[in-house]
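I am opening a notebook on this structure and will write down what I look up, entry by entry.

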There are 2 protein chains.
Amino acid sequence: MKETGVKDRILDTASRLFYEQGYHVTGINQIIEEADIARASLYHHFISKTELLLAYLDRSHEAWFRELEDFMRPVEGARERVLALFDHRIMRQSRPNWKGCNFNKIAAENSGDEQVLERVKRHKGRFRTYIRTLVSEAPHKRVLDDEQLADMIFLLLEGATVAGAMFRSYEETEKAKKIVESFL
Amino acid sequence: MKETGVKDRILDTASRLFYEQGYHVTGINQIIEEADIARASLYHHFISKTELLLAYLDRSHEAWFRELEDFMRPVEGARERVLALFDHRIMRQSRPNWKGCNFNKIAAENSGDEQVLERVKRHKGRFRTYIRTLVSEAPHKRVLDDEQLADMIFLLLEGATVAGAMFRSYEETEKAKKIVESFL
DNA sequence: GTCTATAAAATGATAGAC
DNA sequence: GTCTATCATTTTATAGAC
């Protein structure tokens with residue numbers, strides 16, 4: 001039962017607990033217990049709990065975009081690709097253990113750590129750029145210009161994610177998708 | 001220097017710290033120290049830290065809608081009233097110590113407490129109803145129906161609030177306002 | 001590199017005097 | 001109703017053996 005290495009097991013366990021319970025309520029004790037490793041092993045691989053959090057964010061960032069790109073790869077047509085952004089979110093939100101956006105949750109809990117905030121901003125910034133690229137390729141009724149449409153999609157997705165986590169449904173994301181469809 | 005009562009001072013201090021720092025990082029010790037009251041006085045007025053959190057949420061809920069209604073009272077014209085929703089947010093976000101939505105922050109930090117989640121849902125639900133009422137009175141280009149327009153405004157405001165807290169600006173809310181203006 | 005043992009501080013909460 | 005003193009836990013982190 002010790003297939004994975006110690007460092008991976010620490011990060012896997014910490015990631016799960018940070019996401020499901022929150023960062024501050026998750027103690028080092030719970031992490032070492034559930035990862036089944038010694039206390040000093042954790043501090044050998046990560047110099048502090050904060051460093052573990054940063055590792056979690058970095059890894060989530062990469063996994064998130066890898067998943068998005070895998071989802072988008074087979075989707076053809078500029079219009080369909082824009083709408084697929086919503087389908088991607090609905091797919092994520094359909095998972096039984098979905099609890100909201102990893103980054104928004106950590107950002108809401110963060111009290112002043114600039115390194116943490118930096119990671120969150122980088123993640124959201126990159127996604128916003130991604131949306132802009134898709135929108136620039138898609139034809140649409142010119143009620144809004146390209147930049148406005150991209151901003152609108154970004155804000156609708158953020159709003160639907162927050163509301164979805166609160167009301168435990170992906171209904172908001174479906175509504176957001178229908179709204180955007182009226183513009184394409 | 002003891003103008004206000006003990007109970008008020010506890011709630012004032014706890015509210016400020018919960019909002020500025022977060023709920024879980026704020027300890028009982030810090031609250032009693034900054035409120036300048038005895039430890040047992042806190043537990044006389046509030047049976048637990050959770051109860052103090054619920055009192056904070058209830059009071060924020062009422063203060064929030066009181067402020068909104070004060071802001072909206074002088075605004076005339078159905079179209080202007082819809083747009084004033086954005087001005088209200090921009091006004092709030094312009095405050096130097098604005099750190100995001102009280103309720104979203106607590107919701108993101110909350111791990112399973114149903115009483116807490118209930119308060120957040122009630123707050124957001126009531127605001128959504130408020131938007132629907134305004135939209136139903138406002139004429140608009142019928143690109144979207146009334147309900148869709150109200151949903152869109154709600155989601156844009158939620159998204160702009162989350163993004164605004166992250167990027168420390170009200171730029172997102174101004175963009176959201178311009179987008180909605182295209183429909184009125 | 002992994003372990004056990006432990007430190008030092010902070011956590012939420014209670015008892016009992018005044 | 002407010003106070004001081006104290007409780008049992010839990011927190012993050014380190015020392016030193018193997």
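Entry 1

Which polar backbone atom is 2.8 Å from a phosphate oxygen of DNA strand C? I looked it up, and the atom belongs to A38(A). I note here that the model is predicted.

I then looked for side chains at the phosphates of this strand. S41(A) has a polar side-chain atom 3.1 Å from a phosphate oxygen of DNA strand C. From the other chain, N29(B) places a polar side-chain atom 2.8 Å from a phosphate oxygen of DNA strand C.

Next I asked which elements give two or more residues to the surface near DNA strand C. I found α3 of chain A, together with α2 (28-35) and α3 of chain B. The most comes from α3(A), which gives 5 residues.

I counted the surroundings as well. DNA strand C is surrounded by 17 residues, and the closest are A38(A), A40(A), I28(B), R39(B) and K49(B). Of the atoms of DNA strand C that come within 4 Å of the protein, 54% belong to sugar and phosphate. By class, the surface near DNA strand C has 7 nonpolar, 7 polar and 3 charged residues.

Sugar and phosphate make up 48% of the atoms of DNA strand D that come within 4 Å of the protein.

Which residue has a polar backbone atom 2.6 Å from a phosphate oxygen of DNA strand D? I found I28(A). For side chains, I noted an N or O atom of N29(A) at 3.0 Å from a phosphate oxygen of DNA strand D. In chain B, an N or O atom in the side chain of H45(B) is 2.8 Å from a phosphate oxygen of DNA strand D.

At least two residues each of the surface near DNA strand D come from α2 (28-35) and α3 (39-45) of chain A and from α3 (39-45) of chain B. I recorded α3(B) as giving the most, with 5 residues. The residues near DNA strand D divide into 7 nonpolar, 7 polar and 3 charged.

Entry 1: the two chains.

Entry 2: chain A by itself.

I count 9 helices and 0 strands in chain A. The C-alpha trace of chain A spans about 60 × 35 × 30 Å along its principal axes.

Entry 3: α4(A) and its partners.

I began with helix α4 (residues 49-72) and helix α7 (residues 114-137) of chain A. Their axes come within 9 Å and cross at roughly 10°, so α4(A) is roughly parallel to α7(A). On α4(A), the residues in this contact include L53(A), L57(A), W64(A) and F65(A). On α7(A), they include V116(A), R119(A), F127(A) and Y130(A). I sorted the contact of α4(A) with α7(A) into 11 nonpolar, 3 polar and 5 charged residues.

Is α1(A) roughly parallel or roughly perpendicular to α4(A)? I found that helix α1 (residues 6-21) of chain A packs on α4(A) at an angle of about 85°, with the axes 10 Å apart. The two helices are therefore roughly perpendicular. From α1(A), the contact takes in I10(A), L11(A), F18(A) and Y19(A), among others. From α4(A), it takes in K49(A), L52(A), L53(A) and Y56(A), among others. By class, I have 9 nonpolar, 1 polar and 4 charged residues for the contact of α1(A) with α4(A).

Terms used
Residues are numbered from 1 along each chain as its sequence is written. Chains are lettered from A and ligands numbered from 1 in the order in which they are written. This is a predicted model: local features need pLDDT of at least 70, side-chain atom pairs count only at pLDDT 80 or more; totals for chains, interfaces and linings use all residues. Side-chain values use heavy atoms; hydrogens and water are left out. A residue is near a molecule or strand if one of its heavy atoms lies within 4 Å of it. A polar contact is a pair of N or O atoms within 3.5 Å; within protein, one must be able to donate a hydrogen and the other to accept it, and residues adjacent in sequence count only if both atoms are side-chain atoms. Helices (H or I, at least four residues) and strands (E, at least two) are DSSP runs, numbered from the N terminus. Ala, Val, Leu, Ile, Met, Phe, Trp, Tyr, Cys and Pro count as nonpolar, Asp, Glu, Lys and Arg as charged, and the others, Gly among them, as polar. Axes are lines fitted to C-alpha atoms, for helices over the stretch in contact, and angles run from 0 to 180 degrees between N-to-C directions. Angles under 35 degrees count as roughly parallel, over 145 as roughly antiparallel, 65 to 115 as roughly perpendicular and the rest as oblique. Contact means heavy atoms within 4.5 Å.
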